[in-house]
Amino acid sequence: MKEQEIPFEMAVLMDLLKPPSIEEELSMEKDIRHIQSSNNIEEVKRYSEAITRQNHEQSRFISGCLHEIHILKAKLACASTPVKRPNKNLLEKLLRL
């Protein structure tokens, strides 16, 4: 059986969804354990607030990047396959549309 090719759009997404490296996982686990071991509720609140703000900014950045990718892909599609307009009918010729 022939292996199916992954469409370009899915290939891009698959590249973006690479699993974290061992070092990244260990760093995240260390941060989680540090938070869990904290008894200072005010420190945890400040940390939570900072993480929420950072998450919001990253979400907006990613959304903007995906929007730009969408626009560029649409321009590329239009440039590679121009739309053929049907011949003008008599009314369009008379009205010069």
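Predicted model: local features only at pLDDT ≥ 70, side-chain atom pairs only at ≥ 80, totals over all residues.

Met14 has a relative accessible area of 47%, so I put it down as partly exposed.

Next I checked the cysteines. My count of disulfides is zero, with a pair of sulfur atoms within 2.5 Å as the rule. Cys65 is partly exposed at 32% relative accessibility, while Cys78 is exposed at 53%.

Then I turned to charges. Side chains of opposite charge can pair when their charged atoms come close. Searching the whole structure gave me four salt bridges, and I wrote up some of them.

- In helix H2 (residues 22-37), Arg33 and Glu29 lie four residues apart, about one turn of the helix. Their side chains form a salt bridge at 3.2 Å, N to O. Arg33 is exposed at 56%, and Glu29 is partly exposed at 33%.
- Glu42 and Lys45 form a salt bridge, with the closest N and O atoms 3.8 Å apart. They are three residues apart in helix H3 (residues 41-80), so about one helical turn separates them. Glu42 is partly exposed at 42%, as is Lys45 at 49%.
- Arg53 and Glu49 meet in a salt bridge at 3.0 Å, N to O. Being four residues apart in helix H3, they are separated by about one helical turn. I noted Arg53 as exposed at 56% and Glu49 as partly exposed at 42%.

Notes. Residues numbered from 1 in each chain as written. Heavy atoms only, no water. Buried < 20%, exposed > 50% of the residue type's maximum accessible area, 1.4 Å probe, protein only. Helix = DSSP H or I, 4+ residues; strand = E, 2+ residues; numbered from the N terminus.
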